[in-house]
Amino acid sequence: MAMSINPAGDSVDLRRGVDHIGVSASFVVHDGKGNLLLQQRGPRTRDEQGRWDVGGGAIEFGETIEDAIRREIKEELTCNVLDMAFLTVYDAHRRLADGTKTHWVAVIYAVRVDPIEVAIGEPDKIAAVGWFTSNSLPSPLHSQFQKSFQAALANKVVV
């Protein structure tokens, strides 16, 4: 959501990740048995449509990282978080389709859910979901995927 400010009487809309650094609560969803759930980005995502990635979303003002993850999991996958653990933080420097530079700081958690409860909660943003192992990853992958995935591997969240 853009935020309007009023410096010296002028209204300006600020876009997270473009006009200021955005902060995302991102998550590697797993089943506790070494499998991870990936989401294929749908037609209404801001970029990299059709690519497979972990989940996540912007942290709202006043919201804790953990609460943002619980909210995003419920919105995106319609399920509840069984447990979560911090994995890593990284800078995500990318470009939108129109060439606009973006900068996000991604805070990554491993999140265990019950696979039976998973469903697509945002069909305009998520085209498909699927469970994978490190040996059966789909293609094409999101440009930032490996940063989260390597942290998940190092922490033995996935096999």
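Both F145 and F149 are buried, a term that denotes under 20% relative accessible area, with exposed meaning over 50% and partly exposed the range in between (1.4 Å probe, protein chains only). The model is a predicted one, in which local features need pLDDT of at least 70 and side-chain atom pairs count only at pLDDT 80 or more, whereas totals for chains, interfaces and linings use all residues. Residues are numbered from 1 along each chain as its sequence is written, and side-chain values use heavy atoms, with hydrogens and water left out.

A search of the whole structure identifies 3 aromatic pairs, where rings of Phe, Tyr and Trp (its six-membered ring) are paired if their centres lie within 6.5 Å, and planes under 30 degrees apart count as stacked, over 60 as edge-to-face and the rest as tilted. One of these, formed by F86 and Y109, is edge-to-face, with 5.8 Å from centre to centre and 80 degrees between the planes. This pair joins distant parts of the chain, since F86 belongs to strand β7 (residues 83-95) and Y109 to strand β8 (residues 101-112), 23 residues apart; helices (H or I, at least four residues) and strands (E, at least two) are DSSP runs numbered from the N terminus. F86 is partly exposed, at a relative accessible area of 46%, while Y109 counts as buried at 9% relative accessibility. The pair of F145 and F149, by contrast, is stacked, at 5.1 Å centre to centre and 20 degrees between the planes. F145 and F149 are about one helical turn from each other because they lie 4 residues apart in helix α2 (residues 145-154).

The largest nonpolar core has 21 residues, of which V28, L36, L38 and L87 touch the most other members; such a core is a set of buried Ala, Val, Leu, Ile, Met, Phe, Trp, Tyr and Cys residues joined through side-chain atoms within 4.5 Å. At least two residues of this core come from each of β4 (36-41), β7, β8, β9 (126-132) and α2. With neighbours within four places in sequence left aside, L36 is in contact (heavy atoms within 4.5 Å) with residues including V28, W131, F132, F145 and F149. Another core, of 15 residues, lies apart from the largest one and has V29, I73, C79 and V111 among its members.

H30, in strand β3 (residues 22-30), is buried, with a relative accessible area of 9%. Beyond its neighbours within four places in sequence, H30 is in contact with residues including L36, V111 and W131. The side chain of H30 also reaches the backbone nitrogen of G32, at 3.0 Å.

Conventions: A polar contact is a pair of N or O atoms within 3.5 Å; within protein, one must be able to donate a hydrogen and the other to accept it, and residues adjacent in sequence count only if both atoms are side-chain atoms.
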